[in-house]
Amino acid sequence: MQVSSLNEVKIYSLSAGRSLPEWLSDRKKRALQKKDVDIRRRIELIQDFEMPTVSTKIKVSRDGQYIMAVGTYKPRVRCFDTYQLSQKFERCLDSEVVTFEILSDDYSKIVFLQCGRFVEFHSQHGHYYRTRIPKFGRDFSYHYPSCDLYFVGASSEVYRLNLDQGRFLNSLQTEASESNVCDINPVHFLFAMGTAEGKVECWDPRTRNRVGLLDCALSSVTADTEIEGLPSISALKFDGALNMAVGTSTGQVLLYDLRSSNPLIVKDHHYGLPIKSIQFQHQLDLIISADSRIIKMWNKDTGKIFTSMEPEHEINDVCLYPNSGMLMTANEAPKMNIYYSPVLGPAPKWCSFLDNLTEELEENPESTVYDDYKFVTRKDLENLGLAHLIGSSLLRAYMHGFFMDIRLYHKAKMMANPFAYEEYRREKIRQKIEETRAQRVQLKKLPKVNKELALKLIEEEGEEQQISRKRKQKNLPSLLKDDRFKVMFENPDFQVDEQSEEFRLLNPLVSKISEKRKRKLKVLEELEAQGQEEEEEPEGKASDAESSESSDDEKGWVEEVRKQRKLLRQEEKLKRQERLKEDQQTLLKPQFFEIKEGEEFRSFKDSAKKQKLMKKTLEDRLKLEEKLGTLNVSDTTVGSKQATFKLKKSEQQRKQQEAEKRHRQERKSLRRSASHLKSRRGRGRLFH
């Protein structure tokens, strides 16, 4: 995959590299891939994305699933399915295609304008209908509201073919002798056509009258441009409702606002070649204009160049995949080029792996290496005794030095320095010694606060470095070097309390490990006091001893937890006994409280309740009163809230209510007894 960079904008060519012939067997293809590096490293994004000889036009369907291209020879159209990354179908035609248009969202409705004045319609199954226009056509556009096809070509008339009625309508009569291109605005459906005289005529399809005329040939000629003949219009493209870009046959691109007859910007390609294609990139406000030699991307507001591309073969058409950074070109070559720039936008969803691929390439850029040659300076040649070869065919001048054959360089170096192998051997031995020294304990100044934690982090960092070397992974940053945790090793408030209950329960084996670290701390403090610079680590235990120690630690884990819990219980008992002694020694003194006037003393509980209520929020108090029944909140018909409060009753009112309640109950009981006596008397009379 080739990478080009201009103005720090990287563009990846996804179709670079040699293509294999179709008639080769799979076995031969695999053999070639093993031998040839270029074939092995190539990326075939879409299988067989090419034409037999030349591709002329390329377009993408509105749903983004299908890419269609036409070319020769023989004249044909090929449809590629992006979801399958392969060719869907191929259809051969009777004559070469000038241009084509996809009328539907997919490939089911296509119109081809051919060289022999033929207009051919294709449906999903294949060829559907064929008709002919009076003059040779060069371009056409489809008017969606009226289903009309507008054809321009070697005539002053614009032919209209209605697809709903299936017949030709009255043509539009223009002042131009010939027309080259046309386009219809997607917003207000204004029809514009570029003439051979360098003018752009705008027509209203509703009234079929001309509504505007732009003289682009006169506006394209500036003080810096040099032209040989009258510029004609070779490309035309609308952007939104008001902007229109026009390309001329002399290599200028003019950007117009439809409300003005003067161009906003005139951009010259400086090649004098006709502009073949114009595309708009809305994410970065860019215009992508292309002639047969170069593709330029420039800012539509300032005209400043963003980047450019120069393919190997001549360009016939350019297609920008919607909402992405992918660009496709039809060339004067069998292979159709595919370019991808992450700056322009993300990769399409059907090839989203391109984003990961380009990110990896940017992280690990490959440098260009000449395997068979060695770059040397003039000073290197003098040291090797080869200065007399300057000017001969054995040295090729390049920048500030020369390229020479690597075999000659090795021979000359052996003759100039026969003891080079001994130096190489000494260097290797020195590197091995440094590697062994790196495994020793290196004296480092420990912080004043949390020394044991710092020593633990240093040990863990050394273990992680060894693991990362084996697995070839990146080392994680250390907490000691991180400024965010700097205060933890400087401020005494962050000192870890190892005697706390949480620390002892969470670290049951910390006692054994801390003893080892304390020993190391003592050794380090002694060495710092003595001022020694280097001290080798004492010989460690054998591997068997270490393994037995680790197994003992695992077995004694439960015992350590039990011991810690017992110690904690004993400490709690001692604390309780101390508290009891202190309580017995302290003498209780009576406390006096003052009662406000008009209030009755009931108990201390009522005053405590009042204090709690005063501390609560208004919302909590309202909820409490609502539970007690002193507050009633209800919704009204208008949508507002209605709150009803009941005043608290005094002691006298409460006693009076209780007396009334008792009186009512007594009266009820008397009535029941009287009614009971009457019923008994009535029954006695009946028996008598």
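Arg-565 is partly exposed, with a relative accessible area of 48%. On that scale, buried means under 20% relative accessible area, exposed means over 50%, and partly exposed is in between, with a 1.4 Å probe and protein chains only. Before going on, a word on the basis: the model is predicted, local features need pLDDT of at least 70, side-chain atom pairs count only at pLDDT 80 or more, and totals for chains, interfaces and linings use all residues. Residues are numbered from 1 along each chain as its sequence is written, and side-chain values use heavy atoms, with hydrogens and water left out.

Back to Arg-565. The residue sits in helix α12, residues 557-585. Helices (H or I, at least four residues) and strands (E, at least two) are DSSP runs, numbered from the N terminus. What kind of charge gathers on the surface around Arg-565? A positive one: Arg-565 belongs to a surface patch whose other members are Arg-562, Lys-563, Lys-566, Arg-569, Lys-573, Lys-575, Arg-576 and Arg-579. A patch is made of residues with over 30% relative accessible area and no salt bridge; like charges are joined within 9 Å, and nonpolar side chains (Val, Leu, Ile, Met, Phe, Trp, Tyr) within 5 Å. The accessible areas come from the Shrake-Rupley method with a 1.4 Å probe, and for residues only the protein chains shown count as cover. Lys and Arg count as positive, Asp and Glu as negative, while His and the chain ends are not counted. The place of a charge is taken as NZ of Lys, CZ of Arg, CG of Asp or CD of Glu.

Next, salt bridges. How many does a search of the whole structure find? The search finds 16, a salt bridge being a side-chain nitrogen of Lys or Arg within 4 Å of a carboxyl oxygen of Asp or Glu.

One of them joins Arg-62 and Asp-105, with the closest N and O atoms 2.9 Å apart. Arg-62 is partly exposed at 49% relative accessibility, and Asp-105 is partly exposed at 45%.

A second pair is Arg-160 with Asp-148, where the closest N and O atoms are 3.6 Å apart. Arg-160 is in strand β13 (residues 157-162) and Asp-148 in strand β12 (residues 148-153), so described as distant parts of the chain, 12 residues apart. Are these two residues buried or exposed? Arg-160 is buried, at 6% relative accessible area, and Asp-148 is buried at 4%.

Asp-257 and Arg-259 form another salt bridge, at 2.9 Å between the closest N and O atoms. Here Asp-257 is buried at 13%, whereas Arg-259 is exposed at 66%. There is also a network of salt bridges, which links Arg-76, Arg-78 and Glu-90.

Asp-81 is buried yet has no salt bridge, and the nearest side chain of opposite charge, Lys-88, is 4.5 Å away. A polar atom of the Asp-81 side chain does lie 3.1 Å from the backbone nitrogen of Tyr-83.

Ser-108 is in the loop between β7 and β8 and is buried at 16%. Its side chain makes a polar contact with the side chain of Asp-106, at 2.8 Å. A polar contact is a pair of N or O atoms within 3.5 Å; within protein, one must be able to donate a hydrogen and the other to accept it, and residues adjacent in sequence count only if both atoms are side-chain atoms.

Last, the backbone. Most residues other than glycine have a negative phi, and most peptide bonds are trans. A cis peptide bond joins Thr-72 and Tyr-73, with omega about -15°. Another cis peptide bond joins Tyr-73 and Lys-74, with omega about 15°. Tyr-73 is in the loop between β4 and β5, and Lys-74 is found in the loop between β4 and β5 as well.

His-270 is in the loop between β22 (265-268) and β23 (277-281) and is exposed at 64%. Asp-285 has a positive phi too, near 55°. Asp-285 is in the loop between β23 and β24 (286-290) and is partly exposed at 33%.
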